[in-house]
Amino acid sequence: MNDKNLKVAVVTGAARGIGFEIAQRFHSEGYHAIIIDNDYTTMEDCQNRLKGKNGYSYFLCDVSNPEQVKSTFEKITEQFPAIHALVNNAGIAIFKPAEEVTFEDWTAVMNVNLNGTFLCSQASLSALVLGKGSIVNIASISGVRASTLRIAYGTSKAAIMHLTKQQAVEYGNKGVRANAVAPGPVETEMAKLVHSADIRTSYADAIPLARYGSTEEISNMVYFLCSPQASYINGQIIAADGGFDAAGVGLPSLRV
Ligand SMILES: NC(=O)c1ccc[n+]([C@@H]2O[C@H](COP(=O)([O-])OP(=O)(O)OC[C@H]3O[C@@H](n4cnc5c(N)ncnc54)[C@H](O)[C@@H]3O)[C@@H](O)[C@H]2O)c1
């Protein structure tokens, strides 16, 4: 494959967890995978895990910092003028009762989850147009169904869903599709941090498939949305959640 035919996927927050899996998936499908993350140690671990493999690039960048995003995408597009897939996956979660959420907590969550998605999409738009590329934003089932402890996280994810529709409408005119995936619970470092034993039991009870999803199950959906098989899908929010969203009035007492 010569450089002109090389497909390029950029995944943010990809040094571990769901993003890492997504980057590996694109790589295994022949893409050059560009991993963006802001955590030095996690990035070092990631590079060690992928040691000796060609076809990856690594950029330390805080997606919530406009200057860093601008310079990172300038560096990326100097090397790879066309981008074929952008996955806005970087996210943080702060779970607290609403009255304990400080303005700093609120701002931190919005800055990474929402502003980061906006900034990276805007910074890569010309390259996405050139690559006739596609954006997938990683939302969450917490943006679909409201819950306690997630006033900042859930609101940021709901905003990402509307941002996705805005992007689909405006960027669609330029040939760039935008969709979002709303994962249910997935066993990652983030989940370890915010899912207490109680939350885990309740998820098993509330999700029709009665289990957590895997990083692979999320990356399958992300890859599909960026593939030619999804060429007419634009502006959609797709839950990969074992039926959690579909359950609606899913009272445990009404289970069969
Ligand atoms: N794990 C779940 O249960 C779950 C469920 C629904 C949605 N999600 C979403 O999936 C995405 C990935 O989550 P995960 O579970 O893999 O989390 P994770 O914490 O394991 O990984 C997130 C990665 O993003 C990076 N990151 C954080 N802030 C960043 C920033 N400002 N700039 C660049 N990189 C940054 C972290 O360093 C980390 O490597 C997030 O958007 C999360 O909200 C996760």
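A polar backbone atom of Asn38 is 3.4 Å from a nitrogen atom of the ligand, and this pair is a polar contact, that is, a pair of N or O atoms within 3.5 Å. The model is a predicted one, in which local features need pLDDT of at least 70 and side-chain atom pairs count only at pLDDT 80 or more, while totals for chains, interfaces and linings use all residues. Residues are numbered from 1 along each chain as its sequence is written, and side-chain values use heavy atoms, with hydrogens and water left out.

| Residue and its atom | Ligand atom | Distance |
|---|---|---|
| Asn38, polar backbone atom | nitrogen | 3.4 Å |
| Ile18, backbone N or O atom | oxygen | 2.9 Å |
| Lys157, polar side-chain atom | oxygen | 2.9 Å |

Taken alone, the ligand exposes 830 Å², of which the protein buries 95% (accessible areas come from the Shrake-Rupley method with a 1.4 Å probe).

Around the ligand there are 29 residues, and the closest are Arg16, Asp37, Asn89, Tyr153 and Thr188; a residue counts as near if one of its heavy atoms lies within 4 Å. Sorted by class, this shell holds 13 nonpolar, 10 polar and 6 charged residues, where Gly is counted among the polar ones.

The protein as a whole has 8 helices and 7 strands, which are DSSP runs of at least four residues (H or I) and at least two (E), respectively. Its C-alpha atoms fill a box of roughly 60 × 35 × 35 Å, taken along the principal axes.

Definitions and conventions:
A polar contact is a pair of N or O atoms within 3.5 Å; within protein, one must be able to donate a hydrogen and the other to accept it, and residues adjacent in sequence count only if both atoms are side-chain atoms.
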